[in-house]
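My entries follow in the order in which I made them.

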Amino acid sequence: MSETTSTNEENKLPLNGRRAIPPNYSNDEENEVPEMEAFGLVPRGFNPRDYLRVVDIYMFKEPQEINKQEHHTDKYYNPKLIVRRGQAFQIQIDFNRPYQPQSDQFWLEFLMGRYPQQNKGTYIPIPVGSALKPGQWGAKVIHRENNSIRLSIMSSATCIIGKFRLYVAVLTPYGILRTRRNSATDTYILFNPWCQLDAVYLDDEKEREEYVLNDVGIVFHGNVEDVKSRSWSYGQFEENVLDACLFLMDKAELELSGRGNPIKICRVASAVINSRDDDGVIAGSWNNSYDYGVAPSAWTGSVDILLEYYSSKKPVRYGQCWVFAGVFNTFLRCLGIPARLITNYSSAHDNNANLRMDFFLDDEGKVDTRLTKDSVWNYHCWNEAWMTRPDLPVGFGGWQVVDGTPQETSDGMYRCGPASVQAIKHGHVCFQFDAPFVYAEVNSDIFYTRMEKNGTQVVENIDTTRIGQLIVTKEVGGDGMMDITEEYKFREGSDEERLALETAVMYGVKKQSIQDTTYQPQTDVDMDFQAQKAVLGNDFKVTITFRNKSRNSYTATTYFSGNIVFYTGVPKSEFKKHSFSAKLEPSSSSSFDVVIKSSEYMRDLLEQASFHFFVTARINETGKILAVQKAVMLEIPTLQIKTKGELVAGKEMSVIVEFTNPLKQTLQNVTLRLEGPGMLRTIKKQFGRIQMNSTLTWEVKFTPMRAGLRKLIASLNSDALRHVYGELNVQIQKP
């Protein structure tokens, strides 16, 4: 009996024996605030109207007014006041009579959540004083006229971010009179990269404009020999996106009191961006079938994904690494944390973080797909967020790696970071969070190992340069590519690089030394592999070149294997096998061509049109094996976008999207998407089919509301062809 009563009790009270108040992690929930808080018995003749009373509060919250202009928040499509912490903003209060500072006493109260507490930063009383201190809460009167006063309010540079409710409280002899709850005075407070006292302070104005205020970015994809780029709409200022981003922190159950700390926010966000283990924003899918969802390649930006999640509260299907990174970037920039999207080419997905990617060869020298578990991603996208790291020694602040793509668990959840880029470069992988994993992604070596019949492993070849050989992001102020490889690693083969590696090993990164394995490579013959630029649907040729530097004649038995792969390097099918014997004359080079026909690859082709070629050659005279692997991307046709009519704010204009089917087959289930951040919300159109060589034309009419330089982004998706993009910069004139 006693047990049942206790459970009933628990149902009534949201308390438990460990804490006096329940956990406070919803920014949306509210508490009742009394309009009259009496100090005791109130005498019968008391009339609140005899005292100073607030008639109206004016927030200066329009985009062209002082607050949003000075706080760089004028681009948010949000009617409420949005300010950045650690910087003064203004409000005007109209009273029922002139304010008399000698006798009248009032203060402001900012509240957040259902259980506001002063020591948790969720209840903030602000008395009116004579001066403001930088980076601390305070208010002072800057103008008085008739019944009105104008206040300048300073917020703390460490205050929690989110949506606060504002009340004005007036002191009377018998109690406190408060304004009624009014959602029009709600105030969003965000991080402030313009404020030197803020943990996310960034000192370069051009970088702030790029990493906080730019709502369009570039995703670099393809592979290291063939870098491709496409635009992505971050849309952090679009309607409801700010509320959706705050909801993500509620969803991740981050206590309100922890929301002033960018380290905590990044850590929980990297888990909630993916749906693994917490029903987060995006469900990943890497298997090329996207039933009941949108193919990752079809998205043009983050807004649709965030708003769908905010309304349905269910994971949005489907994403791959650049989608997770794009949405994460929107989240960070929206809250005011400077952020950028990074692409690491030839990224190691090392299943046991030992800095060694093992590719196993069979007796003949072919790759054994059964034993090979590690994979090299053609590219992998993550994010960097800018912040100080007071939890680490001096020198490890600045850019931090955060990754929302679910790859490995960290402290029991699929998340990664923040990990200091500086710590990764110098091998200080002992510093939280997840630095060893990121270090392995950019620094692993590839081992080609042959399994002998008796179970011993013979290392035939080691490639130390391929992994992480190019790390890039979008340049500041332009659409070009900025190479940031040097920020992650020292030059290959330099003394500093060796020292960083020794440091990483000392701090526990597993690295098997070559001494553990027998390894004597063939040094007097080189093998190289080149592929002709190839267009989707056409034949192309690849060339294997041997250079014999010795005075001996050799013969090489060569195996060539062509695989269709996911961009993660995981093979789907082998579509080409070819073997030949090569005669290598002393001190000379010889080349051998292999032709790849479109009929061999088109049937199984995956969406990123990505091949992986393995070439292994056994030198018969010495028994040694040479190995090389390369990713090859096909050229995918693009969408053409053009505009018709005048490009003037407030006037209707036309956009025409065109696409010609280059394949020798009909495209089925074609979907087009078009989006223009700050100009045009995403629109989709389904087309049944496009015959071979025929052209599809789609005209969209809309009215842009704001002048300025904007970007249109379009994508095409079909059963046989994906990753088709087009974009156009448009300058919208003032009327």
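**Entry 1: a helix inside.** I began with helix α4 and listed its buried residues: Val-241, Leu-242, Asp-243, Ala-244, Cys-245, Leu-246, Phe-247, Leu-248, Met-249 and Asp-250. Buried here means under 20% relative accessible area, exposed means over 50%, and partly exposed lies in between, with a 1.4 Å probe and protein chains only. Helices (H or I, at least four residues) and strands (E, at least two) are DSSP runs numbered from the N terminus. The helix covers residues 241-251, and because ten of its eleven residues are buried, α4 is largely enclosed by the rest of the structure. I then looked up what the buried residues of α4 pack against, and found β3 (81-84), β9 (162-172), β11 (187-190), α5, α6 (303-312) and α7 (321-335). Contact means heavy atoms within 4.5 Å. Just after α4, I noted a positive phi of about 55 degrees at Glu-253.

**Entry 2: basis of the model.** The model is predicted, so I kept in mind that local features need pLDDT of at least 70 and side-chain atom pairs count only at pLDDT 80 or more, while totals for chains, interfaces and linings use all residues. Residues are numbered from 1 along each chain as its sequence is written, and side-chain values use heavy atoms, with hydrogens and water left out.

**Entry 3: the chain as a whole.** I counted twelve helices and 40 strands in the protein chain. The C-alpha trace spans about 115 × 65 × 60 Å along its principal axes. Of the 735 residues, 56% count as buried. Among contacts with a separation of 6 or more, 68% come from residues 24 or more positions apart.

**Entry 4: a three-stranded sheet.** Which strands form the open sheet, and in what order? I read the order as β17-β23-β24, with mixed pairing; two strands pair if DSSP finds at least two bridges between them. The edges are β17 (356-361) and β24 (457-463), each with a single partner strand, so one side of each has no neighbour in the sheet. Neighbouring strands are turned by 30 degrees against each other on average, direction ignored; the axes are lines fitted to C-alpha atoms, for helices over the stretch in contact, and angles run from 0 to 180 degrees between N-to-C directions.

I checked the two pairings in turn. β17 and β23 pair in the parallel sense over six bridges, and Leu-361 has Arg-450 in β23 as its bridge partner. β23 (residues 445-451) and β24 run antiparallel, joined by six bridges, with Thr-449 partnered by Val-459 in β24.

Is β17 enclosed or open? Six of its six residues are buried, so β17 is largely enclosed by the rest of the structure. Arg-356, Asp-358 and Phe-360 point one way and Met-357, Phe-359 and Leu-361 the other. In a regular strand the side chains alternate between the two faces of the sheet. In β24 I looked up Asn-461, which counts as buried because its relative accessibility is 16%.

**Entry 5: a hairpin.** β36 (residues 667-676) runs antiparallel to β37, with eight bridges between them. Thr-671 stands opposite Gln-686 in β37. Three residues lie between the strands of this hairpin, and Gly-678 takes a positive phi near 75 degrees.

Entry 6: I found a cis peptide bond from Arg-317 to Tyr-318, with omega near 5 degrees; Tyr-318 is in strand β15 (residues 316-319). Another cis bond joins Gly-417 and Pro-418, with omega about 0 degrees, and Pro-418 lies in strand β22 (residues 416-420).

Asp-279 has a positive phi near 50 degrees in the loop between α5 (262-272) and β14 (282-284), and counts as partly exposed at 47% relative accessibility. Asn-693 has a positive phi near 65 degrees in the loop between β37 (680-690) and β38 (695-702), and counts as exposed at 57%.
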